Amino acid sequence: RYEEAARAYRQVVVSGQASAAVYFNLGNAYFKLGRRGEALLNYERAARLAPADPDIEANLAFAREASGATVCE
């Protein structure tokens, strides 16, 4: 039911109630759906709001590795 979850989290974002947790969970739903780019984007958004969160950092690193993405700074 990841598509349902992603839809619900997107609605929260559109309503203006987004938070690090919402972006993190949206990233998780997209990752489970195989939508790696959207997962990465939402993990990045979560990391901007909660840069020291170890769960966000771990999922972001895992998603980057799984997708072959590199970080440009």
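Asn42 counts as buried, because its relative accessibility is 3%, where buried means under 20% relative accessible area, exposed over 50% and partly exposed in between, computed with a 1.4 Å probe on protein chains only. The structure is a predicted model, in which local features need pLDDT of at least 70 and side-chain atom pairs count only at pLDDT 80 or more, whereas totals for chains, interfaces and linings use all residues. Residues are numbered from 1 along each chain as its sequence is written, and side-chain values use heavy atoms, with hydrogens and water left out.

Asn42 lies in helix 3, which spans residues 36-49; helices (H or I, at least four residues) and strands (E, at least two) are DSSP runs numbered from the N terminus. When residues up to four places away in sequence are not counted, Asn42 touches Tyr23, Phe24, Leu26, Gly27 and Tyr30, contact being defined as heavy atoms within 4.5 Å.

The protein chain as a whole contains four helices and zero strands, in the order α-α-α-α along the sequence. Its radius of gyration is 11 Å, close to the 11 Å that the globule rule gives for 73 residues, so the chain is as compact as a globular protein of that length; the radius is taken over C-alpha atoms, and the rule is 2.2 Å times the number of residues to the power 0.38. Along the principal axes, the C-alpha atoms fill a box of roughly 30 × 25 × 20 Å. Of the 73 residues, 27% are buried, and among contacts between residues at least 6 apart in sequence, 38% join residues at least 24 apart.

The axes of helix 1 (residues 2-14) and helix 2 (residues 20-32) come within 9 Å and cross at roughly 150 degrees, the axes being lines fitted to C-alpha atoms over the stretch in contact and the angles running from 0 to 180 degrees between N-to-C directions. The two helices are therefore roughly antiparallel to each other, a term applied to angles over 145 degrees. In this pairing, Tyr2, Ala5, Ala6, Tyr9, Arg10, Val12 and Val13 of helix 1 meet Val22, Tyr23, Asn25, Leu26, Ala29, Tyr30 and Lys32 of helix 2.

Val12, which is located in helix 1, counts as partly exposed at 28% relative accessibility. Apart from its neighbours within four places in sequence, Val12 is in contact with Gln17, Ala18 and Val22, while the C-alpha atoms of Val12 and Tyr23, eleven residues apart along the chain, are separated by 9.6 Å.

Definitions and conventions. Angles under 35 degrees count as roughly parallel, over 145 as roughly antiparallel, 65 to 115 as roughly perpendicular and the rest as oblique.
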